[in-house]
Amino acid sequence: MDWPVSVALARSVPELPTGADWSYEVKLDGHRMIMWRTDAGVRLQARSGRDVTAAWGDLALAGHHLPAGTVLDGEAVITTEDGRISFEAAQARAASSPTRAHRLAAQRPAHYIAFDALQLPSGDARPRPYSVRRAALLSLLAELPANTPIQAVSATTDRDTALTWYNTLHHQGIEGIVAKRTTSPYRAGRTGTSWLKIRHADTIEATVAGFTGTARQPRALAVRLPDGRIALSQRLTTVLAASVAPRLVPQPGRAYTQGGDAYTPVSREIVVEVVAGTTRHAVVTVVRLR
């Protein structure tokens, strides 16, 4: 397996799938990370492919307990004193210099929550079914020291249990639930993947700040959320696009959302009803023109 490896991504869905061939995992609010245990040591890879070993030295040290030839996919998380998973703490660590990261690690050690095994000492595990990879991951982690910060993500094949997690663990830093088909291989990217996710979301009113596409045929809306963030919506349905188009009065130039997405600003105030994620990702779906 060559560095860097491309990671699998989950598609957003409105509700969890049903059926005997699904497994459900909690979705943690941390930093996606690939842990490589090579003959030479441990390297940590961000989702983007960057080497982030220097910022997460405590996890790299723990990774030496893994057998050489192991590559894991998971999430680096940091918890607060009350046990809540803090994305802000993980973000601060990820953006730190090696010296500051070492100091932060002493104050708040990180944990690595593994949710897949991409490679085992026996070879590439990605073509194997999820159920086989999950069993191999649990077996592998069972051999680690008792106080290791490397742990397996909580998972269940019972949909009701997963929904209970979704409804009760939000305030502990659980973003949502990821469903994975037990028979599926590990596929990089979002196209063709069998990973589905639901995140916590609220139905709220938002002001339209702009649009993508053309004023006659808008593809998506840039909306200003109650906390001041401007986020780009999911693609509009044909009906919604036709309804909102006559009200769009474009301004010259381009503007950008907090996520860096470009849009054409508008001068006329338009209010829409949206389903917006309550987590930092602010996944927004426009459902109605007010």
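## A walk through strands, cores and rings

In strand β16, alanine 262 is the bridge partner of tyrosine 256. Strand here has a set meaning: helices (H or I, at least four residues) and strands (E, at least two) are DSSP runs, numbered from the N terminus. Two strands pair if DSSP finds at least two bridges between them, and β15 (residues 255-256) pairs with β16 (residues 262-265) in the antiparallel sense over 2 bridges. The two form a hairpin with 5 residues between them, and glycine 260 in that turn has a positive phi of about 90°.

A quick word on the ground rules. This is a predicted model, where local features need pLDDT of at least 70 and side-chain atom pairs count only at pLDDT 80 or more, while totals for chains, interfaces and linings use all residues. Residues are numbered from 1 along each chain as its sequence is written, and side-chain values use heavy atoms, with hydrogens and water left out.

Let's look at β3 next. The strand is mostly covered, with 6 of its 8 residues buried; buried means under 20% relative accessible area, exposed over 50%, and partly exposed in between (1.4 Å probe, protein chains only).

| Pair | Sense | Bridges | Residues standing opposite |
|---|---|---|---|
| β3 and β5 | antiparallel | 7 bridges | methionine 35 and leucine 72 |
| β3 and β4 (residues 41-46) | antiparallel | 6 bridges | isoleucine 34 and glutamine 45 |

β3 and β4 also form a hairpin, with 2 residues between them.

**Cores**

A nonpolar core is a set of buried Ala, Val, Leu, Ile, Met, Phe, Trp, Tyr and Cys residues joined through side-chain atoms within 4.5 Å. The largest one has 30 residues, and Leu16, Tyr24, Val26, Leu28, Ile34, Ile177 and Trp195 touch the most other members. Elements that give two or more residues to this core include β2 (22-28), β3 (31-38) and β10 (174-181). A second, separate core of 29 residues includes Leu59, Ala62, Leu72 and Ile150. In soluble globular proteins, nonpolar side chains tend to be buried together.

**Ring pairs**

Rings of Phe, Tyr and Trp (its six-membered ring) pair if their centres lie within 6.5 Å; planes under 30 degrees apart count as stacked, over 60 as edge-to-face and the rest as tilted. By this rule there are 3 aromatic pairs. Why is the pair of tryptophan 3 and tryptophan 36 called tilted? Their ring centres are 5.4 Å apart and their planes sit at 50°, so the pair is tilted. This pair links distant parts of the chain: tryptophan 3 lies in the segment before β1 (11-12) and tryptophan 36 in strand β3, 33 residues apart. Tryptophan 3 counts as partly exposed at 26% relative accessibility, whereas tryptophan 36 counts as buried at 6%.

Tyrosine 186 and tryptophan 195 have ring centres 5.5 Å apart and planes at 85°, so that pair is edge-to-face. Tyrosine 186 and tryptophan 195 are both buried. Ring pairs also link Phe115, Tyr186 and Trp195 into a cluster.
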